[in-house]
Amino acid sequence: MRPGFGGSGVPVGIDVQVESIDSISEVNMDFTMTLYLRHYWKDERLSFPSRTNQSRTFDSRLVKKIWVPDVFFVHSKRSFIHDATMENIMLRVYPDGNILYSVRVTVTALCSMDFSRFPLDTQNCSLELESYAYNENDLMLYWKNGNDSLRTDEIFLSQFFIDNFQASNGLAFYSSTGWYNRLFINFILRRHIFFFMLQTYFPTMLMVVLSWVSFWIDRRAVPARVSLGITTVLTMSTIITGVSSSMPQVSYVKAVDIYLWVSFLFVFLSVIEYAAVNYCTTLEEMRKLKGGKLPSGYDASQAMAFDGCFHDNDIELTPFPRMPVGLGSAPRSPLSPLAPLTPLTSLSPDPDPDPVQRLEGGTRLRRQRSVRENVDHIVSNSYLIDSYSRLAFPLSYLLFNIIYWSLYS
């Protein structure tokens, strides 16, 4: 029976020395810790006379014959007391009845982790201690020396920095048994980012940059551009699958998911870009073939260029329409020394004139293209899609990286 049975609760002081944090599992959302758990209380039934006031130390065999606090770990999955070469239990009794009871224990406990910022995250974990049978009326748990009751050895983890260890206490209520004292060992884990930079971020960046190489490959080199696009898409899929397999199946989006899927989108769009270029090139060549601008024996598969663009002799340029001779030399009215010129569009019989046209006297007139004309211009000059993509894709990806790292770092 507990000391002072029927009276006030037994004060039991606790101090903990953390020996190591053995592992932290994101998949199982738990951590494994080895620690020395020491209990301090007074049981006058074990007092003894001593002239030298020296304590007596016993092993686990005496522990089974006396009352000891029944402290357990809340939310623990597994725990055990080390038993090599004997059970790691020590009982020290002082002449006045004060008792020190120490055990070396390894415990695996739950840590509810939030992965919304993974792998740029910090995790708050805690190990909770509580009496199993005795509520606060029978046993009062407290930290023996306040915050100094929690001590740690120098701990190094492969994936985390340990920012802070802190001791705290509180109460836990159970509807059937009442209130219980509860002690907390709180610690903050900050993840190393360098491992994920090497394993995830750098390979992803390289795959996105590699997908841009196709913009410099000739648009008629179908096997080269298609194989490059498919290879980068499959590699990105492999990276995403590898990251997902090492993570718990959470129902929210993680920071690494955002980066990987946006990068995958850039790689996918580079493949779609070539599909658009190839389609526009086919339309352009069909138009030229129907208009008689290409020889009947023209074979696009043999017309390979290796600089990624058309030369001037590849493009059929329509000459500027000439203005009537009388328009530039017409005499001005004496009442109107600066008579306005007749608009060029009203004099040009060309249904789709070039937006920049030059008069004989050197006057340059410009008109705004409509959206349809711009689309037709790009379709007729499909190499422009590659030219624009060489600038648009890198700038867009750079902007995404600036926003991403400013939000999560």
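The following questions and answers walk through a predicted model of one protein chain.

Visitor: How many helices and strands does the chain have?
Guide: The model is predicted. Of the 409 residues of the chain, 40% count as buried. The secondary structure of the chain comes to eight helices and 14 strands.

Visitor: Are α3 and α4 roughly parallel or roughly antiparallel to each other?
Guide: Helix α3 covers residues 222–245 and helix α4 residues 255–290, and their axes lie 10 Å apart. The packing angle is about 165°. Angles over 145 degrees count as roughly antiparallel. The two helices, α3 and α4, are therefore roughly antiparallel.

Visitor: Are α2 and α4 roughly parallel or roughly antiparallel to each other?
Guide: Helix α2 spans residues 194–211, and its axis comes within 9 Å of the axis of α4. The crossing is left-handed, at an angle of roughly 15°. Angles under 35 degrees count as roughly parallel. The relation of α2 to α4 is therefore roughly parallel.

Visitor: How many charged residues does the contact of α2 with α4 have?
Guide: Residues of α2 in this contact include T200, Y201, M205 and V208, and they meet residues of α4 including V256, Y259, F266 and S270. By class, nine residues are nonpolar and five are polar. The number of charged residues is none.

Visitor: Is T204 buried or exposed?
Guide: T204 lies in helix α2. Beyond residues up to four places away in sequence, T204 touches M236, I239, Y259, L260, S263 and Y397. Among these, M236 and I239 belong to the α3 side of the contact with α4, while Y259, L260 and S263 are α4 residues that meet α2. Because its relative accessible area is 0%, T204 is classed as buried.

Visitor: Which strands are the edge strands of the open sheet?
Guide: Four strands form this sheet in the order β4-β8-β12-β11, with antiparallel pairing. From one strand to the next, the twist averages 25°. An edge strand pairs on one side only, and this applies to β4 (71–74) and β11 (160–174).

Visitor: Which residue of β12 is the bridge partner of E130?
Guide: Strand β8 (residues 122–131) pairs with strand β12 (residues 178–191) in the antiparallel sense over nine bridges. Within β12, I185 stands opposite L127. The partner of E130 is R182.

Visitor: How many bridges join β11 to β12?
Guide: A hairpin of three residues links β11 to β12. The two strands run antiparallel, and F160 stands opposite R191 in β12. The number of bridges is 14.

Visitor: How many of the 14 residues of β12 are buried?
Guide: In the sheet order, β12 stands between β8 and β11. This strand is mostly covered, and the count of buried residues is 10.

Visitor: Where is F118 placed, and is F118 buried or exposed?
Guide: F118 sits in the loop between β7 and β8. At 2% relative accessibility, F118 counts as buried.

Visitor: What separation lies between the C-alpha atoms of L100 and H39?
Guide: L100 lies in strand β7 (residues 98–110) and counts as buried at 8% relative accessibility. Its contacts, apart from neighbours within four places in sequence, are R38, H39, Y40, M90, L91 and R92. L100 and H39 are 61 residues apart along the chain, and the separation of their C-alpha atoms is 5.7 Å.

Note on methods: Residues numbered from 1 in each chain as written. Predicted model: local features only at pLDDT ≥ 70, side-chain atom pairs only at ≥ 80, totals over all residues. Heavy atoms only, no water. Axes fitted to C-alpha atoms, helices over the stretch in contact; angles between N-to-C directions. Parallel < 35°, antiparallel > 145°, perpendicular 65-115°, else oblique. Contact = heavy atoms within 4.5 Å. Pairing = 2+ DSSP bridges. Buried < 20%, exposed > 50% of the residue type's maximum accessible area, 1.4 Å probe, protein only. Left-handed = near helix turned anticlockwise from the far one by under 90°. Nonpolar A, V, L, I, M, F, W, Y, C, P; charged D, E, K, R; others polar.
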